[in-house]
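Here are some notes for a colleague who is meeting this structure for the first time. Please keep the sequence and the model in view while reading.

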Amino acid sequence: MKIHAMDIKRAEKISKALADANRLTILKEVKKSKDCLYCVDLNETLDLAQPSICHHLKQLIDNELISSEKEGRNVKYSLNNYVIDDYIKFLEGLKV
């Protein structure tokens with residue numbers, strides 16, 4: 001799956017999605033889980049109500065930073081390393 005070079009608007013949306021401590025915590029928890037993370041796991045980590053957790057997950061999914069996959073009654077989340085790598089490349093391109 002090849003993602004095209006990131007444009008400024010896309011980088012702006014991702015930056016806004018990452019500008020929240022709860023979303024960064026979710027990304028760290030997904031990374032720590034190595035493969036994937038279930039919403040139930042986040043309930044134990046974040047001190048937030050379920051609707052708030054869903055809101056933050058939706059922001060991360062909408063910006064393709066994580067992907068979701070239904071597994072029975074549960075949804076598992078995993079990092080989208082392609083988008084994260086493109087975002088990092090975009091930021092590196094800003095350096096002198």
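The points below go through the basis of the model, its sheet, its helices, its core and a few single residues.

1. Basis. This is a predicted model, in which local features need pLDDT of at least 70 and side-chain atom pairs count only at pLDDT 80 or more, whereas totals for chains, interfaces and linings use all residues. Residues are numbered from 1 along each chain as its sequence is written, and side-chain values use heavy atoms, with hydrogens and water left out.

2. The sheet. Helices (H or I, at least four residues) and strands (E, at least two) are DSSP runs, numbered from the N terminus. Three strands form an open sheet, in the order β1-β3-β2 and with antiparallel pairing, where two strands pair if DSSP finds at least two bridges between them. The edges are taken by β1 (37-38) and β2, each with a single partner strand, so one side of each has no neighbour in the sheet.

3. The strand pairs. β2 (66-71) and β3 (residues 74-79) are antiparallel and pair over 6 bridges, and Glu69 has Lys76 in β3 as its bridge partner. The hairpin of these two strands has 2 residues between them, and in this hairpin Gly72 takes a positive phi near 65°.

4. Helix α2 against α4. Helix α2 (residues 21-32) packs with helix α4 (residues 50-62) at an angle of about 75°, and their axes are 10 Å apart; axes are lines fitted to C-alpha atoms, for helices over the stretch in contact, and angles run from 0 to 180 degrees between N-to-C directions. That makes α2 roughly perpendicular to α4, a label given to angles of 65 to 115 degrees, while those under 35 count as roughly parallel, those over 145 as roughly antiparallel and the rest as oblique. Asn22, Arg23, Ile26 and Leu27 in α2 meet His55, His56, Leu57, Gln59 and Leu60 in α4, contact being heavy atoms within 4.5 Å. α2 also lies across β1, β2 and β3, and runs at about 90° to β3.

5. The core. Which residues have the most contacts inside the largest nonpolar core? They are Ile14, Ile26, Leu57 and Leu65, in a core of 20 residues; such a core is a set of buried Ala, Val, Leu, Ile, Met, Phe, Trp, Tyr and Cys residues joined through side-chain atoms within 4.5 Å. The elements giving two or more residues to this core are α1 (8-18), α2, α3 (39-45), α4 and α5 (81-92), and α1 gives the most, with 4 residues.

6. Tyr87, in helix α5, counts as buried at 12% relative accessibility; buried means under 20% relative accessible area, exposed over 50% and partly exposed in between, with a 1.4 Å probe and protein chains only. Not counting residues up to four places away in sequence, Tyr87 touches Met6, Ala11, Ile14, Ser15 and Leu18. With neighbours within four places likewise left aside, Ile14 is in contact with Met6, Asn63, Leu65, Val83 and Tyr87.

7. Two further residues. Lys9, in helix α1, is exposed, with a relative accessible area of 56%. Glu64, placed in the loop between α4 and β2, is partly exposed at 36%, and its phi is near 60°, a positive value in a residue other than glycine.
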